[in-house]
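The following report describes a model of two chains, its confidence, the contact between the chains and the fold of one of them.

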Amino acid sequence: MISTAIDVLAAEGGHSIPLVEPTSAGSLALPLVLVIALPAVGAAILLLGGRRTDAWGHLLGTAAVVGSFVCSLWLFLGLLGRGEEERQLGLDLWTWFATGRWEVKLGLLYDPLSALFLLLITGVGALIHVYSIGYMEHDVRRRRFFGYLNLFVAAMLVLVLSSDYVGVFLGWEGVGLASYLLIGFWQHKPSAAAASKKAFVINRVGDIGLSLGVGLMLVTFGTTSFDEVSALTSGASAGVMTAIGLLLLLAACGKSAQFPLQSWLLDAMEGPTPVSALIHAATMVTAGVYLIVRSQFVFEYSDTARLAVAVIGTITLLMGAWIGCAKDDIKKTLAGSTMSQIGYMVLASGLGVAGYAFAIFHLLTHGAFKANMFLGAGSVMHGTDDDVDMRHYGALQKAMPVTFLTFAMGYLAIIGFPGFSGFWSKDKIIETALAESPVLGVCALLGAGVTGFYMTRLMLMTFFGPKRWEPGVHPHESPKVMTFPLVALAALSVLGGLLLLNDWIVTFLAPVTGEAEEHHLPVPPILISALVVLVVALGVALAFVLFGRREVPREAPTEVSFLTRAGRNELYGNEVNDTLVVGPGKQLTAGLATFDRAVVDGGAMGTAASIGGLSQALRRAQNGFVRSYALSLLAGAALVLLALVVVNLA
Amino acid sequence: MTLPWLTILLLLPILGSVVVALLPARLGGPLPKLVGLGFSVLTLVLAIGIAVAYQPGTGLQFAEEVTWIDLFGAHYALGLDGIGLTLVLLTVILTPIVMLASWEDGETGRWGAKGLFAWMLALEGLSIGVFAATDVFLFYVFFEATLIPVYFMVAGYGGPRRVQAAVKFLLYSLAGGLVMLASVIGLYVVSADSEGGPTYLVSELAQLDIGTAAGRWMFVGFFIAFAIKAPMFPVHTWLPDTTEQATPGTSVLLVSVLDKIGTFGMIRFCLEIFPEASRWATPVVIVLAVFSILYGALMAIGSQNISRLIAYTSVSHFGFIVLGIFVMNSQGLAGANLYMFNHGLSTAALFLVTGYLISRRGSARIEDFGGVEKVAPVLAGLMLVAGLSSLALPGLSPFVSELLVMVGAFVYSPWVAAFAVLGIVLAAIYVLWLYQRTMTGPVHEGVAGMRDLGLREIGALAPLVALIVALGFYPQPLLDVINPAVDHTMSQVEKSDPRPTVTEGEAQE
């Protein structure tokens, strides 16, 4: 173990870059193991237990995650009880594999960053398990659903607790598997099966980054564990650090649906809605942000990589918002919004030490308010016979009062209504972006306005205006088991801003992310906040004029502007993939099949026809194979003799 | 004197083969199969005993050596190092599993179940001989002898075009064997000229000063034979044709065990006897290996037949193994050795579970399936697990080996790794697209009413799945025996791992 007392000073920034130097987990080792083991064992029992567990499987699954949440609280309180210097806990489980110089341990690292993730994953996870008891009540495969959810929670916890990049990889693909299984949960639907495969394959493209990144780290540092890499990055060249940073960014783009690997996320809405809330909004899709913030000891040494991160985040935040404006499917609108909000987080993490803590802050508030709204959308679907088309909603605020009120809290949070959680977290990102780079900052500000627009459109189309319900649909409020999580998440959406009280989250994360210098803005922050609120208000007002004052047609208008058409088509991401990759790939495999048969096989065998003839002849002469074998041996002997002569002469 | 344990280990299944074959026909029923399974389990128990007694470290253990043909310098010499041990273990683990899974496959074949089980045991014994032989001549004899049981297993049992498939397999293998024979003779000539007189012992050949040109020629002879066996592009086309016709059990023994002789031979003979020639050939071999990875994967994606698809995935996987061998560093070589074992497990699981599927449907064409998950969820679940292990999902055993090879390739050259890594995306496509087309969507009329797996069928797969998961999280016991063998191979080819570019000292400055 490499341990240095002095933090290394970054050449350009002047601020100190914290190292990963865990101390023994001590008495917290037990909850640290349990937090992962509970959902892992839950998944094993539910998936291997078969029909015997049908009756109580959902209760066991929920209990496992609630237990995991209790462990997370236990750990969190334990961490707060320690001095700031001792807030990195390490626990080595066993050597996963070791060969040559490279040893990979299955080890855990619990520090302020993983602590917050643990609370988010198990807290929101537990609420969504509870919600799913009601949501999946009539599904005959409910027990299996809970098994997959438990598997997801366990894998996600491995992802954020591993102390080695290869350990992260284990969780990384583990959540990918859970996501695959859950997107395709209703796999009798071809669209669901196709969407799940697409998500996994595109994530694998991102995994190229993680695979090669691990390779480059091994070549450069001889190790892939956080503590050892963090102690060595100051000695590497800027080029190498940029390469590692860009490879990690590729991985993050896949998992977090950032441009250009974004196209799987909207299709992923094929999964049951609690899955969209937990995996494709609150937790898994934010893993890319985790990876970047966790790797601050890489990104701090490459301005280029950080800039690339910030630019990708900005592009995606605008793309997602654009898509969110045009979709009529409530889940896809929210998915576009998720892309966009994660874009904000990626942008913030690309701003370096000034932004890391705000990226995580927004990640947490978004985890609450977006899970809230997805579950709310699920509640709406529950009451409207699984209709997702907002053009068939309208006037639901009376039919579903609890859903409406809780959704409204999420709405106010995401648009950044003053005082609500999203106001604090998004405001900080825009402010920091403006300070670091005016161009990115203005884009982020614009995105906030568009967010106000598409979310207001969603609210108006869903809850207000006249009824546009399908015949035979009688919207009704969801059962308590579903509305309780909505209320809890709504409360978090309102109060999440408290994390910023006294700069608590910034200070708390400083041992991981480093301490930023004061950035100097030309104007006071209060003016920037006012500007953001003004831009958001413009977006809201525009949506109100377009959708609140006029009748919403039940059929989507076809005569629309290019902007809307492009947004509906998800900015043609699928078409680009098809043209550049899928189409040529299909032609290539078809061409290769012919080539393999005609050229490779034919060439190697002489001609295919003669083989056919030979085998025909062999088949006629019952035991022809013995003769052919003998003949071959004879030919072999002749070759041997020839070889002997040649070699002896040589 | 201690007992010749390896001889006993390889004779036990061969004895079993004879016993099964000689059982009187009137004692029909399951008796021959039970006797066969009994012998394979006994072999497994004995091999586990040997593995437990094996001390991780360098050098050969359980070595036996008797001069066989003095004139050629041929010896009956057996011994195990870490590489041989893992492959012997793979052989003895898979044989009883395959027997259990093939319980009903032999009945309709040409020589009945009795014949199939007898040939399987014979193959098991000969394969152990191949992996334990420490004399080139003895290796060659075992190498060629394995063709006989496989030929009969393919020609006697399986699809309608099995005879053509068997002949094609035999011709390819014989062609490779003949090329190798020339090199084997060449080794005699070179060693006969040396001071010690002719010898075929690997340990002595490794010390021999073979001239550059002669060494390269002989290397090429061995390499071609092993590349056909493995199989690598462009000499792979026999494999899909064979697995398409063979029974699943035969395919498992062929691809999971027998094909490993190719990659095993590359390490044992190409690298250790011809180190100079191996280094000389490295660039070409690596290009071929990477090409095999991508080509096999693309062909798998394009396959319309499940058995052919799995055969092509193996072409891709063998590309990874050969790549790991020829990058000649710790990660690559250890990864390749581990890959051989893990690929054996995952491909066995995949062949067996799809074998169940194909025999139920009576067709291996992918378009004849759809929605199987709905009617046979256990079968679907096991196929998904087998498929995920084939695409090297972390937590399943092939991940560690594939990552080690990938990183080994990166150490050799980032560009090689950048091409090889595309294989992980293609693997996700061929596995999940197969799953999507066969298992999901509306239930195909031809699979409606398909029954789910029975206890015997699950029982055959369960140990494989358990091993795949256990070794996914704790492969170190295997690496502990493989690592010393890798060190030996690396010292033989005079290669050592490059140092990391940044070390502790530099970071402090």
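Chain A averages a pLDDT of 86, and 90% of the residues score at least 70. Residues 1-13 of chain A also have a pLDDT below 50, and this stretch has 22 contacts in the model beyond near neighbours in sequence. Where pLDDT is low, the predicted coordinates should not be read in detail.

This is a predicted model, in which local features need pLDDT of at least 70 and side-chain atom pairs count only at pLDDT 80 or more, while totals for chains, interfaces and linings use all residues. Residues are numbered from 1 along each chain as its sequence is written, and chains are lettered from A and ligands numbered from 1 in the order in which they are written.

The contact between the chains takes 65 residues from chain A and 65 residues from chain B. On the side of chain A that touches chain B, the elements that give two or more residues include those in the table; helices (H or I, at least four residues) and strands (E, at least two) are DSSP runs, numbered from the N terminus.

| Element of chain A | Residues |
|---|---|
| strand S4 | 89-99 |
| helix H5 | 165-183 |
| helix H6 | 190-221 |
| helix H24 | 573-604 |

H6(A) provides the largest share of this side, 19 residues. By class, the side of chain A that touches chain B has 39 nonpolar, 18 polar and eight charged residues, where Ala, Val, Leu, Ile, Met, Phe, Trp, Tyr, Cys and Pro count as nonpolar, Asp, Glu, Lys and Arg as charged, and the others, Gly among them, as polar.

Chain B comes to 23 helices and two strands. Its C-alpha atoms fill a box of roughly 70 × 70 × 40 Å, taken along the principal axes. Of the 509 residues of chain B, 65% count as buried, that is, with 20 or more other C-beta atoms within 10 Å of their own, these atoms being placed from the backbone. Among the contacts in chain B with a separation of 6 or more, 81% come from residues 24 or more positions apart.

Technical notes. A residue is buried if 20 or more other C-beta atoms lie within 10 Å of its own, exposed if 12 or fewer, and partly exposed in between; C-beta atoms are placed from the backbone. Two residues are in contact if their C-beta atoms, placed from the backbone, lie within 7 Å. pLDDT is the predictor's confidence in each residue, from 0 to 100.
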